[in-house]
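Let us walk through this structure together.

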Amino acid sequence: MTTTLAAPVSIGKAAVGALGILALSTGALESVVAPTIPLLERELDMSQSEGALLSIVLLVTGALVTPLAGKFGDRYGGKKILIRLMAVVSVGGTVSALAPNLPVLLVGQVLQGAMIGALPLSFIVVRKHLPPGESKVAIGVVSGLFVGGSMVGMLSAGPVAEQLSRHWMFALPTIAVAGATLLVHRLMPADPPGRTDGAGIDWPGLLLLSGTLVTLMLVLALAPEAGSLPLPLLALVVLLAVLVTAWVKAERRAAAPMIDLRMLARPAIWKACVLTFVICLGATMAVYLVPQLLDERGDGYGFGAGATEIGFYLLPGAVAAALAGPLGGIGDRRFGSRAVVTTGVVMMAAGLLAVAAVHNEVWHLVVGKVLIALANGLCVTAMMTSTATAVDPADTGIATSLILVSRVLGSAVGGQLGGALLTAGTPAGSEVAAEWAYVTGFVVAGIVVLPALFVARTMSKGVTS
């Protein structure tokens, strides 16, 4: 049943600024792990596969939370759900900050994964409170500040971990998230709930998707040991196929599915999801492999860099990612989404294959990472903004959630593949991965990204002016 409600109160710059500060804080909290993975591996005695798991467990949780957050935000109001979600994130950040070992840290990262749902909720809020033109600007500001927060977290995590401790690199952005949440609660007026259909939560869909993602991670983690564990790996592959089939059937039958496959069937949506998945897979393999290669101490390769140095080396890529948001929006408006995505795919493949071929100087990795980060930002921004403004306002949360889930899945698969390759390339009794493992990872990522050109060519030009 749909209820007609009074028009929402228009919001000013202060409220949008509060959302931006929250995006900045959550972006910082999300990104502190990437440049410090080698440090965490040493302090917590983790393998490369465990390091890869740590790098993506937050994203896996996000894949589960985001569709629910988007659906609940559409149904009950974006602000209400956003505040509750950020409370969970603050608890997760606190657990991560106090974690004495890997299992507790993983629990903290699982809770922090709720932050991925903050973006679609922010989009819901601004679309309900602002006219179309202003809402596009606000969406761009929030998205850009989230990426900017990632830059801050990436740059500060190493120095904080080395000068204070790894505990403080989680604690400081968590404090910022809690403060920004209070600011949003105070400055942002409540947005009216959207349409309601009386249907409950799609628990079967949620449980089956959870099982699918966990099984997928186990398959990728065991892949390097396929020779010694063929039967368990085969059993997991079969289980994965069964879970995927059951999940699709459950979503098609559900009155209010967690992920609306009918919306996913729209050409514009599924193409955006495929492109986002592939681009994020390639980008995340680089996000995992580049810091590892900078830290590596191999014979003739690697640079033995510390966490602080790695943060500085990754900074240009973070700056490029921050610039990619507005550049992607401008390019989308002037040339259309197809042109932006095609450019991004070519840049991504070129950066990955170039790093695979040449990586004996630090600047080779820095330049390659800049190309990869810029390409990733261009593509994801184009997909997000075009999707967010192409659907009915009441469907903004679930539509953008599909893109974010694709981003999360691509990132999860990319991170685990990178970790699996390094684990397979590390001889027994050694802590140094072979150079071929890095080269193979970059080449595989580049080859996976290239077919996205064929999908991009079938997209509408999407020129809006």
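**A cavity and its helix**

Helix α1 gives the most to the lining of the second largest cavity: four residues. The model is a predicted one. Two elements, α1 (13–31) and α6, each give two or more residues to that lining.

Which residues line the second largest cavity? They are Leu19, Leu22, Ala23, Thr26, Ala118, Leu119, Ser122 and Val142. Six of the lining residues are nonpolar and two are polar. None is charged. The space in this cavity comes to about 50 Å³. The whole structure holds four cavities of 30 Å³ or more. Rolling a probe the size of a water molecule over the atoms shows where such empty space is left.

Now look at α1 itself. Is α1 mostly covered or mostly uncovered? It is mostly covered, with 14 of its 19 residues buried. At 1.5 Å a residue, the 19 residues of α1 should span 27 Å. The C-alpha atoms at its ends are 27 Å apart, so the two values agree.

How far can the model be trusted? The mean pLDDT of the chain is 77, and 82% of the residues score at least 70. Among the elements, helix α17 (residues 435–449) has the highest mean pLDDT, 90. Helix α6 (residues 118–129) has the lowest, 70. Over residues 1–7 the pLDDT is below 50. That stretch has eight contacts in the model beyond near neighbours in sequence. Where pLDDT is low, the predicted coordinates should not be read in detail.

How values were computed. Residues are numbered from 1 along each chain as its sequence is written. This is a predicted model: local features need pLDDT of at least 70, side-chain atom pairs count only at pLDDT 80 or more; totals for chains, interfaces and linings use all residues. Side-chain values use heavy atoms; hydrogens and water are left out. pLDDT is the predictor's confidence in each residue, from 0 to 100. Contact means heavy atoms within 4.5 Å. On a 1 Å grid over the protein atoms alone, a cavity is a set of points where a 1.4 Å probe fits but cannot get out, and a pocket is an open set with protein on both sides within 12 Å along at least five of seven lines; lining residues have an atom within 4 Å of a point. Grid points are joined across faces, edges and corners, and a volume is the space filled by probe spheres set on the points. Ala, Val, Leu, Ile, Met, Phe, Trp, Tyr, Cys and Pro count as nonpolar, Asp, Glu, Lys and Arg as charged, and the others, Gly among them, as polar. The expected span of a helix is 1.5 Å times one less than its number of residues. Buried means under 20% relative accessible area, exposed over 50%, partly exposed in between (1.4 Å probe, protein chains only).
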